Amino acid sequence: MDETAEPLCERMAADLDDGFTELVRVHASAVHAFLLRMTGNAAEADDLGQETFLRAYTALKEYSAQRRRALRPRAWLMTIAANVWRNHVRTCVRRPVATVPVEESCESWPAEEPGPQDHADTVADRALLVAALARLPERARVAVVLRHVVGMSYAEVAAVQGCPVGTVKAQVSRGLSVLREVLEPEVALLREVTM
């Protein structure tokens with residue numbers, strides 16, 4: 001359990017609105033990072049992140065103070081985020097719409113402090129990683145992103161996935177193996193170009 005969980009849960013138990021504000025402040029970036037890696041689209045990640053916190057707040061209003069104190073907020077939020085993402089994917093499959101390619105969505109990202117070449121390299125790397133992640137089966141993708149992007153422990157990922165820790169370790173291991181296979185030709189090509 002992360003160190004911020006206990007005081008945060010106590011704060012939500014005492015005053016939900018105040019505690020929820022802190023919950024969003026502490027965990028919004030991790031939820032966004034998870035959803036960005038799952039969707040590959042910043043706008044979708046923003047929308048799904050808002051849906052995640054809306055569902056969290058709605059659920060917390062129904063929880064007793066005792067239940068809020070016992071909460072493991074990071075794993076709980078990631079469970080909600082994973083479910084929101086899964087529902088989004090199901091909805092997109094049922095009602096397909098024209099999607100924006102990753103390359104075009106990357107062009108709409110605001111330029112940060114690094115120069116144009118740094119930005120282009122980062123965007124290319126990000127697009128490459130998103131495309132590779134998209135090739136993983138759903139459960140392996142969720143496990144890899146939660147473990148290596150969000151930084152959750154195997155126990156926390158197991159809580160999110162609703163399976164044993166050993167299963168999560170196997171999902172992460174298989175996912176990383178597939179990513180190595182997918183990305184190795186790209187990395188080798190980049191080495192040839194830059195040398």
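Helices here are DSSP runs of H or I with at least four residues, numbered from the N terminus. In this predicted model, the protein chain reads α-α-α-α-α-α-α-α-α-α along the sequence, with ten helices and zero strands.

**Chain totals**

Of the 195 residues in the protein chain, 38% are buried. The accessible surface comes to about 11,300 Å², and carbon and sulfur atoms account for 54% of that area. Among contacts between residues at least 6 apart in sequence, 66% join residues at least 24 apart.

**The largest nonpolar core**

The largest nonpolar core holds 47 residues. Those touching the most other members are F34, L35, L60, W76, M78, L146 and M152.

| Helix | Residues |
|---|---|
| Helix 2 | 16–39 |

M152 can be followed in detail. Leaving aside residues up to four places away in sequence, M152 touches R74, A75, M78, L146, R147, V157 and V160. Two of these partners, M78 and L146, are themselves listed with M152 among the core residues that touch the most other members.

**Helix 1**

Which residues of helix 1 are buried? They are A5, L8, C9, M12 and A13. These residues lie on the same side of helix 1, because they cover an arc of only 140 degrees around the axis. The face turned away from that buried side carries the exposed residues E6 and A14. Cover for the buried residues of helix 1 includes helix 2, helix 3, helix 4 (65–69) and helix 5.

**T39 in helix 2**

T39 is found in helix 2, which spans residues 16–39. A polar atom of the T39 side chain lies 3.2 Å from the backbone oxygen of N41. Not counting residues up to four places away in sequence, T39 touches E44, A45, L48 and W85.

Key
Residues are numbered from 1 along each chain as its sequence is written. This is a predicted model: local features need pLDDT of at least 70, side-chain atom pairs count only at pLDDT 80 or more; totals for chains, interfaces and linings use all residues. Side-chain values use heavy atoms; hydrogens and water are left out. Helices (H or I, at least four residues) and strands (E, at least two) are DSSP runs, numbered from the N terminus. A polar contact is a pair of N or O atoms within 3.5 Å; within protein, one must be able to donate a hydrogen and the other to accept it, and residues adjacent in sequence count only if both atoms are side-chain atoms. Contact means heavy atoms within 4.5 Å. A nonpolar core is a set of buried Ala, Val, Leu, Ile, Met, Phe, Trp, Tyr and Cys residues joined through side-chain atoms within 4.5 Å. Buried means under 20% relative accessible area, exposed over 50%, partly exposed in between (1.4 Å probe, protein chains only). Accessible areas come from the Shrake-Rupley method with a 1.4 Å probe; for residues, only the protein chains shown count as cover. The arc is that of the directions from the helix axis to the C-beta atoms.
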